[in-house]
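Colleague: I'd like to learn how to read a fold piece by piece. Could you walk me through one?

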Amino acid sequence: MQVTQNSKHKKTTKSSTYVNSCVRHDFSLLTQDDLFLFNEGKHFRLYDKLGSHVIEHEGVAGTYFAVWAPDAHYVSVIGDFNHFDPGKHPLKPCGNSGIWEGFVPEAQEGMCYKYHVASRYHGHTSDRADPFAQRFEHPPRSASVIWSPRNQWSDQPWMEKRKEINSHQAPISIYELHLASWMRVPEEGNRPLTYREMAPKLADYVKRMGFTHVEFLPVMEHPFDGSWGYQTLGYFAPTSRFGSPDDFAFLVDHLHQNDIGVILDWVPSHFPSDAHGLAFFDGTHLYEHADPRLGFHPDWKSCIFNHGRNEVRSFLISSALFWLDRYHADGLRVDAVASMLYLDYSRKEGEWIPNHFGGNENLEAIEFLRMLNAEVYKSFPDVQTMAEESTSWPAVSRPTYLGGLGFGMKWDMGWMHDSLVYCSKEPVHRKWHHNLLSFRMLYAWHENFVLPLSHDEVVHGKGSLLNKMPGDAWQKFANLRLLLGYMYAQSGKKLLFMGGEFGQWDEWNYQRSLDWHLTEFDRHRGMQQWVSDLNRVYRNHRSMHVLDFHSEGFEWVDCQDTENSVISFLRRDPESHEFLLFVFNFTPVPRQGYRIGVPRNGHWEEILNSDAPTYWGSGIGNQGGRWAEDWAEHGRPHSLCTDIPPLGMVVFRWRQG
């Protein structure tokens with residue numbers, strides 16, 4: 001998924017003798033402590049030191065440059081200020097650190113630049129974008145841009161309360177979206193919204209739908225649109241496709257002012273091999289492993305970071321903290337963690353190198369992840385890190401001091417897979433696969449899980465969520481409402497990719513907008529209302545979130561009614577003295593007079609029914625609730641005689657007093 005991009009600027013041929021012109025070397029932002037910590041892999045604020053920084057030195061305005069290229073014998077900065085001539089502004093080595101630096105008065109904010117790097121090996125030379133650049137040209141152009149942030153933040157009230165909002169006990173319902181394809185402007189050539197155009201539209205929509213957070217697919221600068229941002233090269237720069245860094249900060253700030261958290265996808269596992277990027281940066285494998293059995297990813301045809309190299313650890317952890325610090329991100333979703341943990345990930349025998357114990361565990365990446373999470377929570381204890389990890393690796397979301405990887409949460413890929421397999425089957429066959437519904441409860445509290453119905457499930461020919469569902473149009477919508485209700489009812493935080501909330505028919509296409517016109521039709525508008533009401537109930541009832549990561553908050557009523565394909569369970573919160581009873585019918589046959597055991601006598605109010613006409617359902621329900629009878633069922637002293645709608649979910653509430 002990579003392409004090689006070239007800058008719009010033409011490089012001037014380098015003369016045989018470099019000319020030392022106009023560079024001030026009597027100034028440095030780097031202290032000896034900075035250099036020591038960087039080389040030790042323990043400097044995590046490198047964005048304050050490396051890259052380009054607009055400063056004034058002895059009354060002269062200009063730009064300070066610093067870049068790591070330890071195996072170069074010559075490095076210069078080229079740009080608009082010197083017609084991209086590699087002989088005009090050479091940098092000097094900074095001790096034995098491998099860093100080259102210099103102050104260039106001619107270099108002013110807004111100018112494009114690169115580093116001309118001449119390796120000491122094989123006569124290799126190249127012009128490279130700045131790994132620490134905080135702004136880039138609009139792709140396919142690839143130069144870095146000298147930039148100083150000017151955004152004035154207005155989200156202090158949010159920042160003061162977000163520890164509670166991001167806590168494990170809080171309702172966390174995440175709306176995942178891709179910036180370029182969420183909404184476009186058809187009147188202007190179908191262009192994407194800018195950051196500033198998106199801010200009010202997205203905030204209003206997310207608030208109306210009741211989500212607590214948004215999660216952006218990677219906003220970091222990347223050369224290839226088709227990678228959706230997952231082939232990152234600008235680890236310190238929001239993509240210029242939608243505006244400036246200040247514009248992106250405005251978007252985050254506006255969401256915070258509307259009480260919406262912002263989670264960013266972040267990719268520390270691999271990067272593309274574009275000629276202007278990190279690969280073979282100084283004529284050596286600087287950021288990546290040299291051996292392709294360690295340094296080349298067979299799935300994505302990209303380079304794998306050398307997580308055992310100290311300076312690479314400093315680079316990556318600085319990037320993570322940068323987005324939390326400079327852009328007030330409320331969390332990081334770390335991509336492709338499984339590919340980092342295993343040396344044999346997607347490799348056949350003979351295509352990987354065992355660790356020094358002979359195993360397939362990537363010990364250096366494991367240590368990096370633990371260090372990453374420790375530093376994130378040390379500096380920003382009110383955020384969350386979330387791992388996309390698809391294996392049974394233990395203790396991913398357990399503290400490092402207990403031997404875990406230290407993530408705050410982990411995506412439950414097993415639940416996603418089992419649920420989609422089950423719901424895609426014709427209802428007549430579902431009774432033979434009932435275990436797909438119940439298996440999760442054998443491991444549900446081993447980790448702090450997020451239940452994801454993400455972008456990965458609606459691409460590459462997999463079809464949209466709606467089109468995965470069997471049956472005619474009515475049954476497809478009923479099945480999707482049932483699937484989404486099942487996700488919200490389960491223990492764990494929630495994540496839904498854009499389009500799923502209104503029943504997008506087509507598979508996601510990163511090159512065009514969602515089909516917003518569908519919401520003019522009752523069945524799609526009903527789906528939207530269903531998701532909005534799920535979010536409302538989820539947020540308003542403590543029993544649905546406060547014990548998400550503890551078994552005390554969940555209790556099966558009946559997980560064995562395979563013949564009827566019905567399951568039922570309770571969510572509870574001792575503090576609020578509340579029980580919520582969830583009942584699911586995964587067949588199109590109404591279950592009338594269906595008896596369910598309950599732990600308390602009295603009235604059980606029906607607070608949610610996926611078959612209600614407002615959701616485009618058939619209207620089968622329980623007239624607002626049912627009174628418990630002294631009829632023992634399912635090992636409980638009382639029971640309800642209920643009507644469970646076809647392909648429907650019903651929620652009953654009991655509260656003391």
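Predicted model: local features only at pLDDT ≥ 70, side-chain atom pairs only at ≥ 80, totals over all residues.

Colleague: Now helices. At what angle do α3 and α4 pack?

Modeller: For a helix pair, take the angle and the axis distance together. Helix α3 (residues 195-209) and helix α4 (residues 245-257) pack at about 10°, their axes 8 Å apart. So α3 is roughly parallel to α4. On the α3 side the contact includes Tyr-195, Met-198, Pro-200 and Leu-202, and on the α4 side it includes Phe-248, Phe-250, Leu-251 and Leu-255. By class, this contact has 10 nonpolar, 1 polar and 3 charged residues.

Colleague: And how do α3 and α13 cross?

Modeller: The axes of α3 and α13 come within 8 Å and cross at roughly 70°. These two helices are therefore roughly perpendicular to each other. Tyr-205, Arg-208 and Met-209 of α3 make the contact with Gln-528, Val-531, Ser-532 and Asn-535 of α13. The class count for α3 with α13 is 3 nonpolar, 3 polar and 1 charged residues.

Colleague: How would I check α13 on its own, say its length?

Modeller: Compare the end-to-end reach with the expected span. Helix α13 (residues 522-540) has 19 residues and reaches 26 Å from its first C-alpha to its last, close to the 27 Å expected at 1.5 Å a residue. Then look at burial: the buried residues of α13 include His-524, Met-527, Trp-530, Val-531, Leu-534 and Tyr-538. Gln-528, Ser-532 and Asn-535, from the α3 contact, are buried too.

Colleague: Can we do one more buried residue in a helix? What does Ser-419 touch?

Modeller: Ser-419 lies in helix α9 (residues 413-423). Its relative accessible area is 2%, so Ser-419 counts as buried. Setting aside residues up to four places away in sequence, Ser-419 touches Leu-483 and Tyr-486.

Colleague: On to strands. Which way do the side chains of β26 point?

Modeller: In a regular strand, side chains alternate between the two faces of the sheet. In β26, Glu-578, Leu-580, Phe-582 and Phe-584 point one way, while Phe-579, Leu-581, Val-583 and Asn-585 point the other way. Both sets are buried.

Colleague: Why is β26 described as largely enclosed?

Modeller: Because 8 of the 8 residues of strand β26 (residues 578-585) are buried, the strand is largely enclosed by the rest of the structure. Strand β25 (residues 566-573) pairs with β26 in the antiparallel sense over 8 bridges, and Val-566 stands opposite Asn-585 in β26. Strand β31 (residues 648-655) also pairs antiparallel with β26 over 8 bridges; there, Val-583 stands opposite Val-650 in β31.

Colleague: What sits between β25 and β26?

Modeller: That's a hairpin with 4 residues between the strands, where His-577 takes a positive phi near 55°.

Colleague: Last one: which strands are the edges of the open sheet?

Modeller: The open sheet has 4 strands in the order β1-β2-β5-β4, with antiparallel pairing. Its edge strands are β1 (51-57) and β4 (92-93), each pairing on one side only. The antiparallel strands β4 and β5 (residues 99-104) are joined by 2 bridges, and Lys-92 has Glu-101 in β5 as its bridge partner.

Methods. Residues numbered from 1 in each chain as written. Heavy atoms only, no water. Axes fitted to C-alpha atoms, helices over the stretch in contact; angles between N-to-C directions. Parallel < 35°, antiparallel > 145°, perpendicular 65-115°, else oblique. Contact = heavy atoms within 4.5 Å. Nonpolar A, V, L, I, M, F, W, Y, C, P; charged D, E, K, R; others polar. Buried < 20%, exposed > 50% of the residue type's maximum accessible area, 1.4 Å probe, protein only. Expected span 1.5 Å × (residues − 1). Pairing = 2+ DSSP bridges.
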